[in-house]
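This report describes selected features of a single protein chain.

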Amino acid sequence: MAADWKQKCDSQWQLGAHGVPMPASVDWKSVFEKKPFERNLLQNPSPYGVNHTVPPPEPPRSGMPPPPNQPPQFEPDGNFSGWKSSTEVLPHDTSGIPPGVVVCHLPQYRWFSLEQCVDLKAEGLWDQLLDDFQPEIIIEDWYEESQLHKSIYQLDVKLLGADGKTVIKQHTYNPEENLECYSHTWKKVSHAFSKYGSGVRYIHFLHRLKNQFMVEFFNTKVTDSSIIIKTSKASVKKSQSKNKK
(Lines give C-alpha, C1' and ligand atoms only; values in the text may rest on other atoms or scores of the structure.)
Protein backbone atom coordinates (compact mmCIF):
# COMPACT_ATOMS: atom_id res chain seq x y z
CA MET A 1 0.00 0.00 0.00
CA ALA A 2 2.82 2.45 0.87
CA ALA A 3 4.41 1.75 -2.50
CA ASP A 4 1.12 2.58 -4.20
CA TRP A 5 0.96 6.01 -2.57
CA LYS A 6 4.57 6.65 -3.49
CA GLN A 7 3.79 5.78 -7.10
CA LYS A 8 0.78 8.11 -7.05
CA CYS A 9 2.99 10.97 -5.85
CA ASP A 10 5.57 10.21 -8.52
CA SER A 11 2.90 10.17 -11.23
CA GLN A 12 1.24 13.35 -9.93
CA TRP A 13 4.37 15.53 -9.85
CA GLN A 14 6.99 13.56 -11.85
CA LEU A 15 9.25 13.54 -8.79
CA GLY A 16 11.61 10.85 -10.02
CA ALA A 17 12.03 12.56 -13.38
CA HIS A 18 13.09 15.75 -11.59
CA GLY A 19 15.54 13.92 -9.36
CA VAL A 20 13.55 14.46 -6.17
CA PRO A 21 14.65 12.11 -3.33
CA MET A 22 11.83 9.68 -2.47
CA PRO A 23 12.86 7.72 0.66
CA ALA A 24 10.61 4.91 1.89
CA SER A 25 10.41 6.54 5.34
CA VAL A 26 8.17 9.34 4.01
CA ASP A 27 4.41 9.06 4.59
CA TRP A 28 3.47 9.16 0.91
CA LYS A 29 -0.26 8.94 1.59
CA SER A 30 -0.02 12.15 3.62
CA VAL A 31 2.07 13.84 0.90
CA PHE A 32 -0.48 12.91 -1.76
CA GLU A 33 -3.40 14.18 0.32
CA LYS A 34 -1.71 17.46 1.30
CA LYS A 35 -0.45 18.15 -2.24
CA PRO A 36 2.42 20.46 -1.25
CA PHE A 37 3.62 21.20 -4.80
CA GLU A 38 2.34 23.79 -7.27
CA ARG A 39 -0.29 25.20 -4.91
CA ASN A 40 -0.45 28.32 -2.80
CA LEU A 41 0.69 27.63 0.77
CA LEU A 42 -0.62 30.96 2.09
CA GLN A 43 -4.04 31.16 3.68
CA ASN A 44 -6.55 33.77 2.51
CA PRO A 45 -4.33 35.25 -0.24
CA SER A 46 -6.81 38.05 -1.13
CA PRO A 47 -8.02 39.50 2.18
CA TYR A 48 -9.51 42.61 0.56
CA GLY A 49 -11.83 40.59 -1.66
CA VAL A 50 -10.26 41.77 -4.93
CA ASN A 51 -7.87 40.20 -7.44
CA HIS A 52 -5.25 41.54 -9.81
CA THR A 53 -7.16 40.62 -12.98
CA VAL A 54 -9.61 43.47 -12.23
CA PRO A 55 -8.39 47.07 -11.85
CA PRO A 56 -8.32 48.26 -8.23
CA PRO A 57 -11.42 50.23 -7.21
CA GLU A 58 -11.14 53.99 -7.24
CA PRO A 59 -11.26 55.34 -3.68
CA PRO A 60 -14.13 57.68 -2.78
CA ARG A 61 -12.88 61.20 -2.17
CA SER A 62 -15.67 63.34 -0.77
CA GLY A 63 -13.36 65.64 1.18
CA MET A 64 -15.89 65.65 3.98
CA PRO A 65 -15.36 64.39 7.53
CA PRO A 66 -17.56 61.52 8.75
CA PRO A 67 -20.88 62.42 10.41
CA PRO A 68 -20.62 63.28 14.13
CA ASN A 69 -22.30 60.00 15.13
CA GLN A 70 -19.88 57.95 13.00
CA PRO A 71 -16.38 57.36 14.39
CA PRO A 72 -13.53 57.98 11.93
CA GLN A 73 -12.01 54.97 10.20
CA PHE A 74 -8.37 54.22 10.92
CA GLU A 75 -8.13 50.55 9.87
CA PRO A 76 -8.78 48.96 6.46
CA ASP A 77 -11.86 46.88 5.72
CA GLY A 78 -11.32 43.25 4.83
CA ASN A 79 -11.29 39.66 6.01
CA PHE A 80 -7.85 39.14 7.49
CA SER A 81 -8.38 35.62 8.82
CA GLY A 82 -5.20 33.57 8.54
CA TRP A 83 -3.05 36.69 8.84
CA LYS A 84 -1.46 38.31 11.88
CA SER A 85 -2.03 42.04 11.50
CA SER A 86 -0.48 45.06 13.21
CA THR A 87 -0.42 48.83 12.74
CA GLU A 88 2.41 51.33 13.18
CA VAL A 89 1.39 54.97 13.42
CA LEU A 90 3.99 57.25 11.85
CA PRO A 91 4.72 60.78 13.11
CA HIS A 92 3.44 63.74 11.10
CA ASP A 93 5.93 65.08 8.57
CA THR A 94 6.26 68.83 9.15
CA SER A 95 9.59 69.25 7.39
CA GLY A 96 8.13 71.24 4.47
CA ILE A 97 6.08 73.68 6.54
CA PRO A 98 7.64 77.14 7.02
CA PRO A 99 7.85 78.48 10.58
CA GLY A 100 4.73 80.29 11.72
CA VAL A 101 2.45 78.75 9.11
CA VAL A 102 -0.77 77.24 10.49
CA VAL A 103 -1.91 74.03 8.81
CA CYS A 104 -5.46 72.79 9.37
CA HIS A 105 -4.90 69.21 8.27
CA LEU A 106 -1.80 67.07 7.86
CA PRO A 107 -1.88 63.51 6.50
CA GLN A 108 -1.42 60.83 9.14
CA TYR A 109 0.34 57.78 7.74
CA ARG A 110 0.29 54.26 9.15
CA TRP A 111 1.99 51.03 8.16
CA PHE A 112 -0.48 48.14 8.15
CA SER A 113 1.39 44.82 8.35
CA LEU A 114 0.10 41.36 7.41
CA GLU A 115 2.18 38.27 8.10
CA GLN A 116 2.00 34.48 8.03
CA CYS A 117 4.42 31.70 8.90
CA VAL A 118 4.19 28.51 6.81
CA ASP A 119 5.28 25.20 8.36
CA LEU A 120 6.71 23.33 5.36
CA LYS A 121 6.70 19.86 6.93
CA ALA A 122 3.12 20.33 8.10
CA GLU A 123 2.24 21.16 4.49
CA GLY A 124 3.56 17.77 3.34
CA LEU A 125 7.25 18.36 2.51
CA TRP A 126 10.03 16.18 3.93
CA ASP A 127 13.57 16.61 5.23
CA GLN A 128 15.51 15.07 2.32
CA LEU A 129 13.59 17.18 -0.18
CA LEU A 130 14.25 20.43 1.68
CA ASP A 131 17.86 19.71 2.64
CA ASP A 132 19.25 17.88 -0.40
CA PHE A 133 17.05 18.78 -3.36
CA GLN A 134 16.15 22.32 -2.20
CA PRO A 135 13.18 22.93 -4.54
CA GLU A 136 12.50 26.39 -5.85
CA ILE A 137 10.26 28.51 -3.66
CA ILE A 138 8.32 31.08 -5.69
CA ILE A 139 6.99 34.20 -3.98
CA GLU A 140 4.43 36.43 -5.66
CA ASP A 141 2.45 39.45 -4.52
CA TRP A 142 0.37 42.24 -6.10
CA TYR A 143 -0.02 45.64 -4.47
CA GLU A 144 -2.16 48.60 -5.38
CA GLU A 145 -0.52 51.68 -6.86
CA SER A 146 -2.40 53.93 -4.44
CA GLN A 147 -0.05 56.93 -4.82
CA LEU A 148 -0.60 57.89 -1.21
CA HIS A 149 3.14 58.30 -0.67
CA LYS A 150 6.42 57.54 -2.42
CA SER A 151 6.78 54.47 -0.18
CA ILE A 152 3.56 52.46 0.07
CA TYR A 153 4.67 48.81 0.06
CA GLN A 154 7.35 46.66 1.67
CA LEU A 155 7.96 42.91 1.42
CA ASP A 156 10.06 40.76 3.76
CA VAL A 157 10.24 36.98 3.25
CA LYS A 158 12.48 34.79 5.42
CA LEU A 159 13.38 31.12 5.10
CA LEU A 160 13.72 29.88 8.68
CA GLY A 161 15.30 26.87 10.37
CA ALA A 162 13.65 24.24 12.54
CA ASP A 163 13.59 26.58 15.55
CA GLY A 164 11.41 29.03 13.62
CA LYS A 165 13.92 31.83 14.34
CA THR A 166 17.20 31.19 12.53
CA VAL A 167 17.20 33.04 9.19
CA ILE A 168 18.75 30.90 6.44
CA LYS A 169 17.80 33.14 3.51
CA GLN A 170 15.94 36.45 3.25
CA HIS A 171 14.45 38.62 0.51
CA THR A 172 13.30 42.20 1.09
CA TYR A 173 11.76 44.66 -1.35
CA ASN A 174 11.03 48.34 -0.68
CA PRO A 175 10.12 50.13 -3.93
CA GLU A 176 9.81 53.87 -4.37
CA GLU A 177 6.79 55.08 -6.32
CA ASN A 178 6.73 57.71 -9.07
CA LEU A 179 4.21 60.35 -8.01
CA GLU A 180 4.82 62.73 -10.92
CA CYS A 181 2.00 61.31 -13.03
CA TYR A 182 -1.22 59.61 -11.95
CA SER A 183 -1.41 55.85 -12.34
CA HIS A 184 -3.67 53.47 -10.47
CA THR A 185 -3.06 49.80 -11.18
CA TRP A 186 -1.70 46.59 -9.61
CA LYS A 187 2.04 46.11 -9.35
CA LYS A 188 3.51 42.62 -9.38
CA VAL A 189 6.33 41.57 -7.09
CA SER A 190 7.98 38.16 -7.42
CA HIS A 191 11.05 36.35 -6.21
CA ALA A 192 12.47 32.82 -6.56
CA PHE A 193 14.47 31.22 -3.76
CA SER A 194 16.90 28.53 -4.94
CA LYS A 195 20.14 27.00 -3.64
CA TYR A 196 19.28 28.36 -0.22
CA GLY A 197 21.05 25.68 1.80
CA SER A 198 19.85 22.92 4.10
CA GLY A 199 17.75 23.32 7.22
CA VAL A 200 14.78 25.34 5.91
CA ARG A 201 11.55 24.31 7.67
CA TYR A 202 9.45 27.49 7.79
CA ILE A 203 8.71 30.47 5.55
CA HIS A 204 7.81 33.78 7.18
CA PHE A 205 5.94 36.10 4.78
CA LEU A 206 5.32 39.74 5.70
CA HIS A 207 4.16 42.71 3.68
CA ARG A 208 3.50 46.25 4.88
CA LEU A 209 1.01 48.61 3.27
CA LYS A 210 0.86 52.34 3.84
CA ASN A 211 -2.49 53.88 4.74
CA GLN A 212 -3.38 57.55 5.08
CA PHE A 213 -5.88 59.49 7.14
CA MET A 214 -6.59 63.15 6.38
CA VAL A 215 -10.27 63.94 6.96
CA GLU A 216 -10.96 60.60 5.24
CA PHE A 217 -9.26 57.20 5.35
CA PHE A 218 -7.37 55.91 2.31
CA ASN A 219 -5.53 52.62 2.11
CA THR A 220 -3.21 50.58 -0.08
CA LYS A 221 -4.57 47.15 -0.95
CA VAL A 222 -2.77 43.91 -1.70
CA THR A 223 -3.99 40.74 -3.39
CA ASP A 224 -3.11 37.30 -4.76
CA SER A 225 -0.18 36.75 -2.40
CA SER A 226 1.39 33.32 -2.86
CA ILE A 227 4.12 30.90 -1.83
CA ILE A 228 4.50 27.98 -4.25
CA ILE A 229 6.92 25.05 -4.03
CA LYS A 230 8.14 23.79 -7.40
CA THR A 231 9.37 20.30 -8.24
CA SER A 232 12.36 21.70 -10.11
CA LYS A 233 15.62 23.49 -9.44
CA ALA A 234 15.73 25.32 -12.78
CA SER A 235 17.55 28.63 -12.84
CA VAL A 236 15.15 31.57 -13.14
CA LYS A 237 15.35 35.33 -12.79
CA LYS A 238 15.65 35.96 -9.06
CA SER A 239 13.17 38.79 -8.63
CA GLN A 240 11.10 41.28 -10.54
CA SER A 241 8.60 44.06 -10.16
CA LYS A 242 6.37 45.40 -12.89
CA ASN A 243 3.08 47.18 -13.51
CA LYS A 244 0.02 45.38 -14.76
CA LYS A 245 -1.44 47.60 -17.43
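## Phe-80 and Phe-112

Phe-80 has a relative accessible area of 17% and is therefore buried. Phe-112 is also buried, with a relative accessible area of 4%. Both values fall under the 20% cut-off that defines a buried residue. The structure is a predicted model, and the values reported here are computed from it.

The ring centres of Phe-80 and Phe-112 lie 5.3 Å apart, and their planes are at 65 degrees, so the pair is classed as edge-to-face. Because Phe-80 belongs to the loop between helix 2 and strand 1 while Phe-112 belongs to strand 2, the pair ties together parts of the chain that are 32 residues apart in sequence.

## Confidence of the model

The chain has a mean pLDDT of 87, and 83% of its residues reach 70 or more. Residues 235-239 have pLDDT below 50; in the model, this stretch has twelve contacts beyond near neighbours in sequence.

## Aromatic pairs and the tryptophan cluster

Trp-28 and Trp-126 are both buried.

These two residues are members of one aromatic cluster, which is formed by Trp-5, Trp-13, Trp-28, Phe-32, Phe-37 and Trp-126. Two lysines are placed over rings of this cluster. The charged end of Lys-8 sits over the ring of Trp-5, at 4.2 Å from its centre. Lys-35 lies over the face of Phe-32, with a distance of 4.0 Å to the ring centre.

## Strand 7 and its partners

Strand 7 comprises residues 202-214, and eleven of its 13 residues are buried. With strand 2, strand 7 pairs in the antiparallel sense over twelve bridges; within strand 7, Leu-209 stands opposite Phe-112. Phe-112 thus takes part in the aromatic pair with Phe-80 and also faces a residue of strand 7.

Strand 4 (residues 153-160) pairs with strand 7 over eight bridges, again in the antiparallel sense. Here Gln-154 stands opposite Arg-208 of strand 7. An antiparallel pairing over three bridges connects strand 7 with strand 8 (residues 216-218), where Glu-216 is the bridge partner of Met-214.

## Asp-224 and His-52

Which side chain makes a polar contact with that of His-52? The partner is Asp-224, at 2.5 Å. His-52 counts as buried because its relative accessibility is 18%.

Leaving aside residues up to four places away in sequence, Asp-224 touches Pro-45, Ser-46, Asn-51, His-52, Glu-140, Asp-141 and Trp-142. For Glu-140, which is 84 residues from Asp-224 along the chain, the separation between the two C-alpha atoms is 7.6 Å.

Terms used:
Residues numbered from 1 in each chain as written. Predicted model: local features only at pLDDT ≥ 70, side-chain atom pairs only at ≥ 80, totals over all residues. Heavy atoms only, no water. Buried < 20%, exposed > 50% of the residue type's maximum accessible area, 1.4 Å probe, protein only. Polar contact = N/O pair within 3.5 Å; in protein donor to acceptor, adjacent residues only side chain to side chain. pLDDT = per-residue confidence, 0-100. Contact = heavy atoms within 4.5 Å. Phe/Tyr/Trp six-rings, centres within 6.5 Å; stacked < 30°, edge-to-face > 60°. Helix = DSSP H or I, 4+ residues; strand = E, 2+ residues; numbered from the N terminus. Lys NZ or Arg CZ within 6 Å of the ring centre and 35° of its normal. Pairing = 2+ DSSP bridges.
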